[in-house]
Amino acid sequence: MSAGDAVAQVATRAKVPPTAWISWVALAMMTTSSVASLRAAPTMAVYGLACVFLYLLPAVVFLLPTSLVSAELASGWEGGIYKWVSEGISKPMGFLAVWCQFAMTVFYYPSLLGFVASTLAYVFNPELASSGVWTAIVIIVVYWSGVWVSSRGTKGVAGLASGGLIIGTLIPGVVLVVLGMVFLGQGNPSAAPMTSENIFPVWAGLSSLVLIVNNFLSYSGMEMNAVHVSSLKNPGKEFPKSMFLAMGMVLAIFILPALAIAWIVPAETLSLTAGVMQAFDAVFANFGWQWLTPIVGIMLVTASLGGMLTWLAGPSKGLLLISRQEGYLPPFLQKLNKNGVQQNILVVQGLVTTVIGLAYALIPDVSSAYWIFSVITTQVYLIMYLLMFVAAIQLRRKHPDHPRGYRAPLLVGMCGVGFTASLAALLVGFIPPSQFASGNSGLYFLIVGGGALGLGLFVPFLFYKLRKPSWKQPEPREVAPS
């Protein structure tokens with residue numbers, strides 16, 4: 001499910017007839033399709049067998065609390081993260097939450113399209129995967145093409161993303177794991193040791209665990225699927241079953257391909273952006289099937305582009321609606337084009353994305369740039385989750401009798417675990433990982449801190465302080481679907 005779908009579901013949930021039930025298995029599949037991806041596999045593959053632990057830990061302390069807590073909030077209050085936080089804490093904090101949900105995409109697109117660029121390189125020339133100039137060109141061209149498509153109010157983009165799950169995630173993932181097993185079965189040694197001594201990551205200071213931060217972003221977005229909790233016949237029993245099934249499928253999609261890459265590609269040669277294609281290229285070469293590498297690259301690119309298009313207009317649409325109601329953004333950013341799309345927001349966002357994309361051409365190591373932008377994306381999104389956990393506790397205390405379709409068990413405890421894990425991940429993200437190419441930790445801290453705190457806190461603070469009563473606008477009669 002895309003962010004645009006989530007916004008539409010929030011707005012129309014009251015219109016869905018009570019008979020329009022969905023099964024808990026269907027909800028699990030929807031959740032899996034919105035969360036699972038092969039893009040993060042190279043990041044964890046550098047840890048070898050320890051990637052299993054590094055995926056399970058955030059699943060327990062972040063994925064599970066986020067899923068169950070957001071389910072209670074969605075079943076009791078319509079309006080998404082803004083409604084939850086503004087009711088539980090305050091309207092300014094609600095604006096901060098919805099802003100962070102939007103602002104994370106500013107750094108999400110460059111990191112996503114950095115993966116697209118490296119993957120696409122294997123279709124034309126694998127050497128381009130390490131070229132910052134090539135990566136910058138792909139980011140800028142593809143992003144602005146996406147803005148053009150979204151600005152036309154094109155329908156059916158969500159279908160592209162749904163098909164992308166099968167074409168660009170499930171099929172390549174299964175192929176990679178199966179061929180990886182055959183690779184080992186032929187007597188080839190695993191590139192990473194797979195013994196009991198390697199279950200946990202080697203401790204080399206805090207930097208050795210920093211890559212786990214990226215997994216919090218991998219699991220993010222569960223609050224969007226929670227809007228479907230009221231469509232279950234028995235939410236109290238079915239929603240937890242759905243979430244546990246989804247967790248199992250998501251973990252399988254994350255862990256098994258990461259292990260397959262660790263079997264095939266040595267960690268010291270693994271690219272964080274092109275690692276998936278490195279693994280495919282290596283395993284296909286083993287069987288003399290390298291002609292399949294470009295085909296798999298196109299499949300992966302299709303899935304990523306479908307995901308980008310469905311995310312492109314969704315978060316900005318949510319920000320637009322809230323800003324019109326409360327006057328949080330200048331009228332210029334609230335204007336719609338003839339198709340009812342918030343084109344000015346997308347263009348301004350595109351200008352920032354272009355500047356970030358150019359950074360790929362300036363930073364010598366493409367993997368380092370990819371990692372930095374991934375961390376900033378996670379940091380900004382984690383601010384939203386911190387506010388969500390606080391709001392959930394406040395709403396349970398302020399409105400204990402408010403009707404809820406689902407009540408999360410041990411809510412305060414789960415919020416405490418989720419808040420602590422999110423805060424720890426946010427703080428650890430400021431530490432360069434042990435695999436980070438540059439030895440300048442001070443520069444790394446300034447880039448990550450400036451990006452995350454500047455965009456996530458300072459910019460919305462300025463908008464809030466500079467707002468005027470005239471910024472309030474009438475709600476648009478119709479906003480084209482993303």
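In the predicted model, the largest nonpolar core holds 142 residues, of which Tyr55, Val69, Trp99, Tyr219, Phe239 and Ile261 touch the most other members. Tyr55 illustrates the packing. With neighbours within four places in sequence left aside, Tyr55 contacts Ala40, Ala41, Met44, Asn215, Tyr219, Leu251, Phe254, Ile255 and Ala258.

Aromatic side chains were examined next. The count of aromatic pairs comes to 17. In one of these, the ring centres of Tyr82 and Tyr328 lie 6.5 Å apart with the planes at 65°, and the pair is therefore edge-to-face, the planes being over 60 degrees apart. Because Tyr82 belongs to helix 5 (residues 80–88) and Tyr328 to the loop between helix 13 (293–326) and helix 14 (331–334), this pair ties together parts that are 246 residues apart in sequence. Both Tyr82 and Tyr328 are buried.

Tyr328 also pairs with Tyr464. Here the ring centres are 6.2 Å apart and the planes meet at 35°, so the pair is classed as tilted. This pair again links distant parts of the chain, since Tyr328 is in the loop between helix 13 and helix 14 while Tyr464 is in helix 18 (residues 441–466), 136 residues away.

A search of the whole structure gives four salt bridges. The side chains of Arg404 and Glu72 form one of them, with an N to O distance of 2.9 Å. Arg404 is in the loop between helix 16 (366–398) and helix 17 (411–428), and Glu72 is in helix 4 (residues 51–76), so that the bridge links distant parts of the chain, 332 residues apart. Arg404 and Glu72 are both buried. Together with Arg396, these two residues are linked in a network of salt bridges.

A second bridge joins Lys83 to Glu87, whose closest N and O atoms are 3.1 Å apart. Both residues lie in helix 5, four residues apart, which is about one turn of the helix. An α-helix has 3.6 residues a turn, so residues three or four places apart point the same way. Lys83 is partly exposed, with a relative accessible area of 30%, and Glu87 is partly exposed at 31%. Lys91 and Glu326 also form a salt bridge, with the closest N and O atoms 3.3 Å apart. Lys91 lies in helix 6 and Glu326 in helix 13, and the pair therefore ties together parts that are 235 residues apart in sequence. Lys91 counts as partly exposed, at 44% relative accessibility.

Helix 6 (residues 91–124) also contains Ser118. At 0% relative accessibility, Ser118 counts as buried. Apart from residues up to four places away in sequence, Ser118 touches Ala129, Thr273 and Ala274.

Helix 12 (residues 275–287) comprises 13 residues and reaches 19 Å from its first C-alpha to its last, close to the 18 Å expected at 1.5 Å a residue. The buried residues of helix 12 are Gly275, Val276, Met277, Gln278, Ala279, Phe280, Val283 and Phe284. Gly288 follows the helix and has a positive phi, near 75°.

Pro235 lies in helix 11 (residues 235–264). With a relative accessibility of 13%, Pro235 counts as buried. Its C-alpha atom is separated by 8.8 Å from that of Trp24, 211 residues away along the chain. When neighbours within four places in sequence are left aside, the contacts of Pro235 are Val229, Pro240, Gly405 and Tyr406.

Conventions:
Residues are numbered from 1 along each chain as its sequence is written. This is a predicted model: local features need pLDDT of at least 70, side-chain atom pairs count only at pLDDT 80 or more; totals for chains, interfaces and linings use all residues. Side-chain values use heavy atoms; hydrogens and water are left out. A nonpolar core is a set of buried Ala, Val, Leu, Ile, Met, Phe, Trp, Tyr and Cys residues joined through side-chain atoms within 4.5 Å. Buried means under 20% relative accessible area, exposed over 50%, partly exposed in between (1.4 Å probe, protein chains only). Contact means heavy atoms within 4.5 Å. Helices (H or I, at least four residues) and strands (E, at least two) are DSSP runs, numbered from the N terminus. The expected span of a helix is 1.5 Å times one less than its number of residues. Rings of Phe, Tyr and Trp (its six-membered ring) pair if their centres lie within 6.5 Å; planes under 30 degrees apart count as stacked, over 60 as edge-to-face and the rest as tilted.
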